[in-house]
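I opened my notebook to look up the voids, the packing and a few strands in this model. The entries below follow the order in which I went through them.

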Amino acid sequence: MSVIYQPELLYTGHTFEANKAIVIADNGTILGIHDAQAANTEPAKVIKFPNRAMLPGMIDVHSHSFQRTIRGTVESRLKAGPDFWSWRDAMYRAANRFTPDQLYTVARMAFLEMALTGITTVGEFHYIHRDPKGAPYANPNEIALQIVRAAKDIGIRIALLRVAYVRAGYNKPPDPGQIRFIEPGPEEYLRNTESLRTELKGDEKSAWVGVAPHSIRAVPLDYLREVTKWAQSQKLPVHMHVAEQPAENAACVEEYGCTPFHLLDREGILNQNFTAIHGIHLSAEEIAVVARANAIVGACPTTERNLGDGILPADELMRAGVRIAFGSDSLTQIDPLENARELEYNLRLKKLERAVLDTIDSAGLPQRLFACATQHGAESIHSPAGSLEPGRPADFFTVDLNDPSIAGSNPDELLAAIVFGLSKTAIREVAVSGQLIVNNGRHSQQESIITNYSALVRHPGS
C-alpha cells in the first residue's frame, strides 16, 4: 500500500506550499504531489505532520568518516601545529589507529550525526585500504565494506568514492603516516574498485562506487590518466582534492608547468561528472575552465575555516555558472546548513557587503544555497535524490515550525530562516525512500551507537 505524508508546509523547489501531500509508492518512489484533500481520497496510509515543514534530504558530497575521532583533539598548536600540513600528522595517527571493525563503529557515529542533521546521502572519500603495516586485507575492500555497512545500518545512501593514493608528493620521500592508503599501481586500484562494484551490485540505489584520485600531489599523471579514463568509460563520478592549498598549486607548476585545474583541463579530465573538492585557490581563467567543462566544486566551508584553507570565490564561480555542492570533509562540524551560510558569510567578511550571492541571476539567496545542499550534491555523487518530485526517491527531512530558531516565520520567509538560522534541534523526522530513519528527533539505534563509539575512542584497545 502506498503512503501519503501530509506536512503543514511542503518545499516544492522554490517556495513552501500549504495543503499539499506527497504520495509514495511501496518502493519508496514519489508518485506525485497533490492537494491534500484530493490525495486523502486514495487508498493509502495517511501520515500527518502537523506543525512541520518538509524539505528534500540534504546531500554531503565529501566525508572522511574516520576523522570524526579527532574532533576537539586538534585545536591546539601544541597538538596539531600551526597549519594544514602539520594538522595532517594528527589525522594520520587517527587513520592508523583503528581496525576495520572499529572503523565501522566510527562510521556509524558519523553517519548517525549526519542523519540527525537531515543528510540522507553521503559521499565517503575513502582512502584507508590496508592494515597498519601496509599489507592488503584478504578482501582488499574490507574497510570499504564496513563503511558501507555502517551507512546501511543508519539508513542513509552512500557513494563510496574509492580513493587512489600513490605517493606523498612530487620529489617527496614516502610518508609512513600514509601507509594504509597506498595502492601503488593503477591495475591494482582498478581491480579492487571493480571488485567493490561487483560486491555492491543489486543495491546501487543505496550504495554505489565513484572514483577518487586523491590529488595531483598524491597521484602521478600516468596513473591519473588511467583511472579517470576508466571512470569516464563507466560514467562514474570522479572526485579529487584540487587547489586546497597554495603549496599544492606551486608543486603542480614545478612538476607539470601548470596549475592543477589547467592540467586537468589539458588532460580532458574535467567534465560534468568531475567534482573538484575545495577548489579555493584558482584564477579567473581557471574559473572559466571549470565552467566550460561543466564541472562541480565541492565546497567544505566548515572544514576550510577550521584548517585555515582560505575562502572559496563562490560569487565568481556562480557568476560563471559553476555548480557548488557541500561536504563535511574532516567532520569538525556536521551541518550542511552551516556550510551554506558560511559560504555566504565568508564573502560578506571579505567584501564588507551583505547578501553577496543574492546578486547573481534570478535565484533568491536561500534557494541558491539550499540547492547547493541538495540538487547540486545529488548531481555531484550521482544520487537519485536531491529534490521532491515524481519519479525520485522520497528522501526528506522535516523541521518543527514551533522550534525557537524559526518560530513565527511566514512561508515566504521560511527557507531563509532555515538556511540562516535553523538550530539542528528543529529537525524532527528524516526519511530515505519514504521510510523514517529519524522519528521525532531520534534514531532507533542512537543510544547504542553513541555508547559504543564513546567506549571505543576513550579506550580503543579494550
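This is a predicted model: local features need pLDDT of at least 70, side-chain atom pairs count only at pLDDT 80 or more; totals for chains, interfaces and linings use all residues.

**Entry 1: classes and the largest cavity.**

My search of the whole structure had turned up six cavities of 30 Å³ or more. The largest cavity comes to about 160 Å³ in volume. I found 19 residues in its lining, with F84, W87, M91, Y127 and H241 nearest its centre.

Which helix supplies the largest share of that lining? Helix 3 does, with five residues. Helix 3 covers 84-95, and helix 11 (301-307) also supplies at least two residues of the lining.

**Entry 2: the largest pocket.** Next I turned to the open spaces. The largest pocket has a volume of about 600 Å³. I listed 29 lining residues, and those nearest the centre are G13, Q367, A371, Q375 and H376. By class, I noted twelve nonpolar, eleven polar and six charged residues in this lining.

Three elements each give at least two residues to the lining of the largest pocket: strand 13 (323-326), helix 14 (365-373) and helix 15 (375-381). Helix 14 gives the most, with five residues.

**Entry 3: the second largest pocket.** I then looked at the second largest pocket, which holds about 210 Å³ of space. It is lined by 13 residues, and R197, E204, W208, V209 and L236 are the closest to its centre. I counted this lining as seven nonpolar, two polar and four charged residues. Helix 6 (186-200) and strand 9 (207-213) each supply at least two of the lining residues. Helix 6 gives the most here, with four.

**Entry 4: nonpolar cores.** How many residues does the largest nonpolar core have? I got 140, and the residues with the most contacts inside this core are F111, F274, I324 and L343. Helix 4 (residues 100-116) gives the most to this core, with ten residues.

Leaving out residues up to four places away in sequence, I324 touches V297, A299, L312, A314, L317, M318, L343, C372 and H376. H376 had already come up among the residues nearest the centre of the largest pocket. There is also a second, separate core of eleven residues, including L10, I22, F49 and A394.

**Entry 5: strand 6.** Is strand 6 enclosed or open? All six of the six residues of strand 6 (residues 58-63) are buried, so the strand is largely enclosed by the rest of the structure. I checked its pairing too: four bridges join strand 6 to strand 7 (residues 119-126), and the two run parallel. I59 has T121 of strand 7 as its bridge partner.

**Entry 6: helix 16.** In helix 16 (residues 411-421), I found L414, L415, A417, I418 and V419 buried. What covers these buried residues? The cover includes strand 1 (3-11), strand 2 (16-18), strand 5 (45-56), helix 13 (336-351), helix 14 and strand 14 (396-400).

Entry 7: Strand 14 pairs with strand 15 in the antiparallel sense over three bridges, and F396 has A431 of strand 15 as its bridge partner. Strand 15 and strand 16 (residues 435-439) are also antiparallel, over three bridges. There, V430 is the bridge partner of V438 in strand 16. Strand 15 and strand 16 form a hairpin with two residues between them.

**Entry 8: positive phi.** The turn of that hairpin holds S433, with a positive phi of about 50°. N171 sits in the loop between strand 8 (157-164) and helix 6. With a relative accessibility of 64%, N171 counts as exposed.

How values were computed
Residues are numbered from 1 along each chain as its sequence is written. Side-chain values use heavy atoms; hydrogens and water are left out. On a 1 Å grid over the protein atoms alone, a cavity is a set of points where a 1.4 Å probe fits but cannot get out, and a pocket is an open set with protein on both sides within 12 Å along at least five of seven lines; lining residues have an atom within 4 Å of a point. Grid points are joined across faces, edges and corners, and a volume is the space filled by probe spheres set on the points. Buried means under 20% relative accessible area, exposed over 50%, partly exposed in between (1.4 Å probe, protein chains only). Two strands pair if DSSP finds at least two bridges between them. A nonpolar core is a set of buried Ala, Val, Leu, Ile, Met, Phe, Trp, Tyr and Cys residues joined through side-chain atoms within 4.5 Å. Contact means heavy atoms within 4.5 Å. Ala, Val, Leu, Ile, Met, Phe, Trp, Tyr, Cys and Pro count as nonpolar, Asp, Glu, Lys and Arg as charged, and the others, Gly among them, as polar.
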